[in-house]
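Biologist: Please give me a close look at one part of this model. I would like the geometry and the residues involved, with your cut-offs stated.

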Amino acid sequence: MRCAVNGGSVYAYTAARRFDARLPTLVFVHGAAQDHSVWALQARYFAYHGRNVLAVDLPGHGRTDGDPLASVEASAQWLLALLEELHLPPVALVGHSLGALVALEAAGHHPQRAAQIALLGPAVPMPVSDVLLDAARANDHLAYELITGWSFSAGHQLGGNPQPGVWMVGNAMRLMERSRPGVLYADLLACHRYAGGLVAAAGVRCPALAILGERDLMAPAKNAPALIAALADCSVLTVAECGHSLMTEAPDAVLDALRDFLPLPPSPQSST
Amino acid sequence: MADAPIHVVPTMTKPKTTRFDTLALHAGARPDPATGARATPIYQSASFVFRDSDHAAALFNMERAGHVYSRLSNPTCAVLEERISALEDGVGAIAVASGQAALHLAIVTLMGAGSHIVASRALYGGSHNLLDFTLPRFGIQTTFVDPRDVDAWRAAIRPSTRLLFGETLGNPGLEVLDIPRVAQLAHEHGLPLLVDSTFTTPYLLRPLQYGADLVYHSATKFLSGHGVVIGGLLVDGGRFDWDEPGKSAGKFPTLTEPYAGFHDMVFVEESTTAAFLLRARREGIRDFGACMAPMTAFQILQGIETLPLRMQRHTENTRKIVAFLAAHALVESVAYPELPQHPDHELAQRLLPQGCGAVLSFSIRGTREHGRRFVESLRIFSHLANVGDAKSLVIHPASTTHFRVSAADLRAAGIGEGTIRLSVGLEDAEDLLEDLSRALYAAGKA
């Protein structure tokens, strides 16, 4: 579906389902230089199990117009404006990496907007190495190669995709290659400079779920405890043998965790 | 150390990449989690058990990843699909029943009646038959062009054109497709380039890295390498924008408009990078059904494990034979792009620096009878209609596949009465040279 936020056209994947105001809504927020398609399996499940699903493309990403936003705070404000535009009651926010920070910031400073938050591959702070920032600033393909190399566990570097016939390393590389020049750098810089994570976490009033990859090199699980401790009500799942690309490497584990965390509403309209 | 950069440790300043020879052995595979088997198991099962009804519905509706029925996907085939994708630098692949099935699947995924293809005229005969005789019955027309003439490619493009198609090495003249130029032309018109890479394999050339958008193989040939299976592989490069305003937008409704056959899925929205692959699996394999058997996938995987070694030996042997034939008094001409006199020599040096493969053609001075005598005098080369076997193969088109064709029509097709096509195998090169020498001597006495 498309809508307008701050004068810009916004795309959100809905699994080709019509919006139903009676149903609770899940909003999925992607990571750096990615788009809604990273959530395809999980979003599709909830769209066919009693939820409205909005897997958004952040500004400057995928099918959404505009330039990428310069900070996590700006992206959170944009996300809240989207919820306002759609007149949504409190929603479940599900974010990955950069998207997790955006969801955290939005829920922390506007707790009335969030019914639940699920943070995949989060880290607070989330500093980015100079070599990666420099490559991204130069729109050097090296940046994509570095991220691809670090985003999958060693085992998954060689494949074994649960999704038949898809080479996940190549697919991840191609998705970043399709991002517009400057997008990756803007996203990484936003992660690097974000300093408000623990303050935002302290402001969260809804239940939270953190899903961590045991082999995550981008946002190592060992860097998550401070964030988890700052969240008042946070459950944690660490996915074994999984890297940063949680939704791709372990789609069923992620879906099962989200499904348990976001139980079906009283009157589900499952229509598979 | 919470404030230390966590995206990288100091020594990790180079990308982690796995190299070709390693991917040929490992990509897509891992020891079997159920048994520990190191080889990829042959999952000889038509269907796969659901955990419960919700799991079943989720698999059917693409909410969970997994296998349902082996026409749609199979664990052994999936390993092969990942492996060829890794080797070709694609985003994914579909294993199908043959190279012809791969070509057909590519075409029917992209277009329907009223569409048009521009194709090289230097194609494998089976591909030519499909395009020239069969698809017109279903409303799809093809214009054939000289693969070396980019202006001819451009002139043939119509508003209804949906695909440009050629082979990395043409048949029988081994024309080298100028993939960068033809791809650029295609993209200027919002069209994808499909390349048959059977003769070269990803070891010698990766067309997706030169601008092609889709690649397919007859895996029957060098990929499996031993002449024991029939199979095809279709790879999606993931770079083509199927919905680019002012270019491709509106040309590919199978990918950009809701598909009633799968819950109104819009494939380009479902997958930013692999919309083509998704439609090909969710419709093409499901409905046309030309799937690969898991045993076939296993055999092709076995072949690919040694692809780098075999292609090196194939190419080394071929170079020796080309040198021998080029200097032989009874040989009128040799078509092999590494030869300076080949029209595509310079292009081959750019696109095929590791070699031009193991298929070549040459012409014996004389008549069809000389060619026939030559072929029948060979002892190691097998006379049959195939290429890409570990064993050396030969065919004389004028006395076999084209025996009803007049000399004039043969010339128009680039085939002389004495044209011989060789597929050079892995035997000791000295034995192959002796075999050729003996047969040429016999032909000279015809």
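This is a predicted model: local features need pLDDT of at least 70, side-chain atom pairs count only at pLDDT 80 or more; totals for chains, interfaces and linings use all residues.

Modeller: Take one helix pair. α2(A) passes α3(A) in a right-handed crossing. Residues are numbered from 1 along each chain as its sequence is written, and chains are lettered from A and ligands numbered from 1 in the order written.

α2 covers residues 72-85 of chain A, and α3 covers residues 98-109. Helices here are DSSP runs (H or I, at least four residues), numbered from the N terminus. The two axes lie 8 Å apart, at an angle of about 65°. Axes are lines fitted to C-alpha atoms over the stretch in contact, with angles from 0 to 180 degrees between N-to-C directions. The pair is therefore roughly perpendicular (65 to 115 degrees; under 35 is roughly parallel, over 145 roughly antiparallel, the rest oblique).

Now the contact (C-beta atoms, placed from the backbone, within 7 Å). From α2(A) come Val72(A), Glu73(A), Ser75(A), Ala76(A), Leu79(A) and Leu80(A). They meet Leu101(A), Val102(A), Glu105(A) and Ala106(A) of α3(A). By class, these residues are seven nonpolar, one polar and two charged. Nonpolar covers Ala, Val, Leu, Ile, Met, Phe, Trp, Tyr, Cys and Pro; charged covers Asp, Glu, Lys and Arg; the others, Gly among them, are polar.

Finally, confidence. Chain A averages a pLDDT of 94, and 97% of its residues score at least 70 (pLDDT is the predictor's per-residue confidence, from 0 to 100). Over residues 268-272 of chain A, the pLDDT is below 50. That stretch has 11 contacts in the model beyond near neighbours in sequence.

Key
Two residues are in contact if their C-beta atoms, placed from the backbone, lie within 7 Å. Helices (H or I, at least four residues) and strands (E, at least two) are DSSP runs, numbered from the N terminus. A crossing is left-handed if the near helix is turned anticlockwise from the far one by less than a right angle, and right-handed if clockwise.
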